[in-house]
Amino acid sequence: MPMSLTELDAQDVTLLPERATLHRGGLTIVHQTAIAAVFDFSSGSSDTNVAVAAIVNL
Amino acid sequence: MEASLLDSSPVSGCARDPGVPPSTRPDCAAPACAVELIGSFQGSGRTDETYLARRDDGQWVELSPLLWLALSNLDGIRTSAQVADRVTAACGRPVAGGDIDYLVDNKLVPAGLVGNPLGKHERPDLVLALRLKKVLLPARVVSAISRPLRFLFWGPIVLLVTALFLGVETYAFASGRLLAGVHQAVNRPSSLLLMGGLIVCSIFVHEMGHASGCRYGGATPGALGVGIYVSTPAFFTDLSDGYRLPRSGRVRGDLGGVYFNAVYAVAVFPFYLITGSPLLLLVIAAMVLEVIEQLMPFVRSDGYWAISDLAGVPDLFSYFGSVFRRGQGSGPQMTRLTPTSRRLVMIWGLFTVIVLPIALVFALLALPALVVASLNAISDHVHVLSHQGGTATVAAAVLGIALTCILTGAMIYGVIYITSRLVRLATNSGSGPPRHGSPRAWRIHRLLRASLVIGAIAVPVAWSATQVRVH
């Protein structure tokens with residue numbers, strides 16, 4: 001049986017996603033520690049805040 | 001399908017005689033010059049067999065058997081009728097020359113597999129994809145570094161490293177010295193820098209784990225780089241060549257990163273034994289947290305790719321709508337999956353639909369407080385700038401302002417990006433303007449949907465903003 005237009009239209013061609021394996025973990029720690037450091041520096045708060053931020057970030 | 005016919009066919013668009021000018025369609029279409037025909041997509045979650053090709057720009061394309069047959073028989077010399085004869089012989093169904101023309105015009109040319117190889121071709125528009133990517137290490141350097149590390153994926157070594165990792169981590173968490181490590185990091189800026197350096201080093205090792213795992217299976221890893229993922233910076237390694245691997249090879253590449261985190265922890269431990277520094281113990285403990293974060297499957301991190309490969313579905317997010325259609329996972333896409341793949345996609349979808357909105361709401365609720373804190377920080381830095389003249393102080397204040405602006409800008413950008421994606425998703429869902437009905441009503445309907453999405457984003461932000469105290 002010849003191909004129908006519906007069958008031809010149903011032929012799939014899919015662009016696959018780039019397999020880019022992300023790693024945010026370490027950078028997130030550095031990034032968020034930088035935030036904590038920036039805020040802490042500006043507010044002049046105690047080391048405790050930085051410690052808490054560091055623990056939370058970890 | 002007759003493999004012999006496939007095998008005997010030229011599989012490159014460059015196979016045509018260079019002396020013969022490329023003919024124009026419809027009689028003698030040719031694949032784009034550098035299209036590589038890979039073969040069957042091994043470990044696909046679909047019930048029907050599919051095939052893979054790679055464009056010259058590195059884009060991978062999945063094709064139905066008929067399209068694959070058509071593409072693999074196009075060489076710029078055969079006429080459409082001749083190609084149709086070969087396809088007919090291979091697939092056992094009568095295919096006409098006009099059918100080949102139709103497939104070329106409507107499927108292969110738009111996908112960039114036939115036609116001008118230098119033209120700008122479509123790329124997939126992905127949900128939650130990495131953006132603004134910059135290459136840090138080109139593919140050849142990544143290959144050179146990852147090649148000698150392949151031995152770490154030999155079975156007995158994997159078992160040994162895993163056992164050592166468990167032992168080392170148990171020691172780290174049971175030692176009671178982690179808090180001492182935190183104190184050391186906080187009280188000595190040099191220690192914090194050292195720890196930051198060791199963590200960044202672990203990221204590099206993690207990415208090399210992906211590359212080595214990919215290479216162990218026989219694929220060639222791509223470049224290592226950095227980009228922006230929603231609003232935070234993220235490293236990446238391009239493992240697209242892993243599509244050519246069987247399922248186990250792809251999963252090895254996916255999990256190679258966290259495996260190398262384990263290798264890293266085991267490698268750091270002797271230095272802890274020598275120095276006794278609790279900071280190193282903290283780094284070892286951090287590897288567990290990194291592994292856990294990387295295995296979260298809700299965004300495109302390692303856990304996501306592992307589930308994607310186990311299910312044999314390259315883009316899980318593209319199945320998101322199908323998962324919930326009619327409440328039974330019975331969308332047309334889902335029916336083409338094997339029962340196991342369907343179950344995996346369903347489970348992933350159900351967890352993701354719960355976790356991602358919760359994460360978004362938390363981020364939205366935190367946004368006003370973060371913006372106010374940033375403004376306060378900038379104000380304090382400006383105060384320092386205007387009252388103190390020391391070079392170091394000025395430099396620190398300027399750096400502080402720059403960092404605050406960048407980090408806050410990234411957060412705001414992340415919310416805007418997510419909002420725009422959700423608006424697009426809400427307004428594009430459905431099947432376009434109705435055949436019978438007012439286009440104006442359809443536009444109003446889309447506007448309402450967009451307003452609803454924007455409202456849903458704005459309400460938590462607005463509520464949270466009323467709770468923020470400004471000093």
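What follows is our chat about this structure.

Trainee: What kind of model is this?
Mentor: This is a predicted model, where local features need pLDDT of at least 70, side-chain atom pairs count only at pLDDT 80 or more, and totals for chains, interfaces and linings use all residues. Residues are numbered from 1 along each chain as its sequence is written, while chains are lettered from A and ligands numbered from 1 in the order in which they are written.

Trainee: What is the average pLDDT of chain B?
Mentor: Chain B averages 82, and 86% of its residues score at least 70. pLDDT is the predictor's confidence in each residue, from 0 to 100. For the complex, the predictor gives an ipTM of 0.78 and a pTM of 0.79.

Trainee: Which elements of chain B have the lowest and highest mean pLDDT?
Mentor: Helix H1 of chain B (residues 3-8) has the lowest, 40, and helix H9 of chain B (residues 247-275) has the highest, 96. Over residues 1-24 of chain B, pLDDT stays under 50.

Trainee: How many helices and strands does chain B have?
Mentor: Chain B has 16 helices and six strands. Helices (H or I, at least four residues) and strands (E, at least two) are DSSP runs, numbered from the N terminus.

Trainee: How much of chain B is buried?
Mentor: Buried residues make up 39% of its 471 residues. A residue is buried if 20 or more other C-beta atoms lie within 10 Å of its own, exposed if 12 or fewer, and partly exposed in between, with C-beta atoms placed from the backbone.

Trainee: Why is helix H2 of chain B called largely enclosed?
Mentor: Eight of the nine residues of H2(B), residues 65-73, are buried, so the rest of the structure largely encloses this helix. The buried ones include B:Trp68 and B:Asn73.

Trainee: At what angle do H2(B) and H4(B) pack?
Mentor: About 100°, with their axes 11 Å apart. Axes are lines fitted to C-alpha atoms, for helices over the stretch in contact, and angles run from 0 to 180 degrees between N-to-C directions. H2(B) and H4(B) are therefore roughly perpendicular to each other; angles under 35 degrees count as roughly parallel, over 145 as roughly antiparallel, 65 to 115 as roughly perpendicular and the rest as oblique.

Trainee: Which residues meet there?
Mentor: B:Leu67, B:Ala70 and B:Leu71 in H2(B) meet B:Ile100, B:Leu103, B:Lys107 and B:Leu108 in H4(B). Two residues are in contact if their C-beta atoms, placed from the backbone, lie within 7 Å.

Trainee: New topic: what is the strand order in the open sheet of four strands?
Mentor: The order is E2(A)-E6(B)-E5(B)-E4(B), with antiparallel pairing. Two strands pair if DSSP finds at least two bridges between them.

Trainee: How many bridges join E2(A) and E6(B)?
Mentor: Four, in the antiparallel sense.
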